[in-house]
Structure formats: C-alpha cells, structure tokens
Amino acid sequence: MMMTTVYNSLMGMNHYGEETTYRMNGRIQVNGFPDVRLTNMFSPVDATPTAYAVAIALGEHFSRIYDNPFETPNVGGVTLEFDLERERHSAVLESARTDMTEARPGDEITIEAVLRPYRGDRIVRRIPVRVPTSVPKGMLRILVSDAETLDRARRVNPAASRRLDLHSIIELLNKEHMNDHLYVSLLEANRKPR
C-alpha cells in the first residue's frame, strides 16, 4: 500500500517524469527503535519511471522491517520529502585505474575514475586512498562503485539477514550508502569491503 501511494503521488504531480530527478529525504519511525533513514537520489533508468524506482526502494526497506521473524514492528509513521529537479542527473562509471600496481601498508595510491554523465562531457575524478597499515601482506583489490554495488558486497547473505533481530535490521538499513556518490573500497582476499 505504501509503495502504491508513493508511486501514484509522484506520478500525479509530475507531468515530465521521464527527465525528473528526485532527491528523497525521510524517515520510518519504528516505535522503540532508532528511525530508519531514507535519503537517496533517483534518476530515470531506461524506460522505467523514476517514481517506480522510488516506490521499489521504499518497499524494499519496509519488507526488510516487516519480514523480521522475531518482533512485530510497530511503525509510528513515515515522513517523506522530495526535491524535484527537472533534468536527469545520472552518470555511468566508464573506467577506473590506479597509478601503481603494487603498494605496501601506509602507501597512498591514486584512483582515477572516469564518469560519463547522461549529457555532457566526461568527468575525471582523482581519489587518493591510503592503504591501511593493518592490511596483511597479500592480494588487495580495489572496488570503485556506486552505493548499490557496495551495499550488496557488504551485506551478509540474504538467508542470514532473515535471522537478524529488528534492531540489527534497522542498524543495517541506516548504514546503507547514498547513491549519488562514488565509493572506493579496499578488499582483502575473501573479506568484505573496508
């Protein structure tokens, strides 16, 4: 019901949705727990309406709260605010590379990422990253990604997350990254992102 309400509200107020970017800020209040933060940006993808992506993201958060087998959540309310921009704000990561192939703990490496926006010239970002001194000797991989890819890599397997209590689920939801940023993560062999 929540997904349908949000979808219909956004579609009803926006005549030019195929080029609209939504910035969403909001909270899900679950009585007895910290609020679930809802902060993200949504732009059109292919032929999918942006309002659909917003509704799906909201529904995904709700289902993770309601599917908890240990406690029945008591939702006190949902607050959503949207800023609309009448153009598409999106970019694709075209390439990424480092300035070196070998590094030691404590070294600083530079990641060069090339982004291709929906319209306009390519954007080059140079991101300095210091290799932590605590990293053990061996293979170290670098992940340059959007929020969804990073959160998927950090998430425990879906079956295990169904066994988490409500507090842990809310804590995980509040640690998710915003999708209007570029993220650089260091990955040790067989380990989650740092």
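User: Which residues of the largest nonpolar core touch the most other members?
Analyst: Ile28, Val30, Val54 and Ile65 do, out of 19 residues in that core. A nonpolar core is a set of buried Ala, Val, Leu, Ile, Met, Phe, Trp, Tyr and Cys residues joined through side-chain atoms within 4.5 Å. The elements giving it two or more residues are helix 1 (2–13), strand 1 (21–30), strand 2 (36–42), helix 2 (50–66) and helix 5 (166–174). Helix 2 supplies the largest share, five residues. Another core, of six residues, lies apart from it and includes Ile109, Ala113, Val144 and Leu186.

User: Before we go on, what kind of model is this, and how are residues numbered?
Analyst: This is a predicted model, with residues numbered from 1 along each chain as its sequence is written. Local features need pLDDT of at least 70 and side-chain atom pairs count only at pLDDT 80 or more, while totals for chains, interfaces and linings use all residues; side-chain values use heavy atoms, leaving out hydrogens and water.

User: Why is Val30 called buried?
Analyst: Buried means under 20% relative accessible area (exposed is over 50%, partly exposed in between, with a 1.4 Å probe and protein chains only). Val30 has a relative accessible area of 1%, so Val30 is buried. Val30 belongs to strand 1. Leaving aside neighbours within four places in sequence, Val30 is in contact (heavy atoms within 4.5 Å) with Ile65, Pro73, Asn74, Val75, Gly76, Leu166 and Ile170. Val30 and Ile65 are 35 residues apart in sequence, yet their C-alpha atoms are 9.1 Å apart in space.

User: What makes helix 2 a helix, and how do you know that its length fits?
Analyst: Helices are DSSP runs of H or I with at least four residues, strands are runs of E with at least two, and both are numbered from the N terminus. The expected span is 1.5 Å times one less than the number of residues. For the 17 residues of helix 2 that gives 24 Å, and the end C-alpha atoms are 24 Å apart, so the two agree. Among the buried residues of helix 2 are Val54, Leu58, Phe62 and Ile65. Their cover includes helix 1, strand 1, strand 2, strand 3 (75–85) and helix 5.

User: How do you know that strand 1 is paired with strand 2 and strand 3?
Analyst: Two strands pair if DSSP finds at least two bridges between them. Strand 1 has seven bridges to strand 2 and ten to strand 3, so by that definition both are pairs. Each pairing is antiparallel. As examples, Gly26 is bridged to Leu38 in strand 2, and Arg27 to Thr79 in strand 3. Strand 1 and strand 2 also form a hairpin with five residues between them, and Gly32 in the turn has a positive phi of about 90 degrees.

User: Why are strand 4 and strand 6 at the edges of their sheet?
Analyst: The open sheet has three strands in the order 4-5-6, with antiparallel pairing. Strand 4 (91–98) and strand 6 (123–130) each have a single partner strand, so one side of each lacks a neighbour in the sheet. Strand 5 (residues 108–117) is joined to strand 6 by eight bridges, and the partner of Val114 in strand 6 is Val124.

User: How many helices and strands does the protein chain have?
Analyst: The protein chain has five helices and eight strands, and buried residues make up 31% of its 194 residues.
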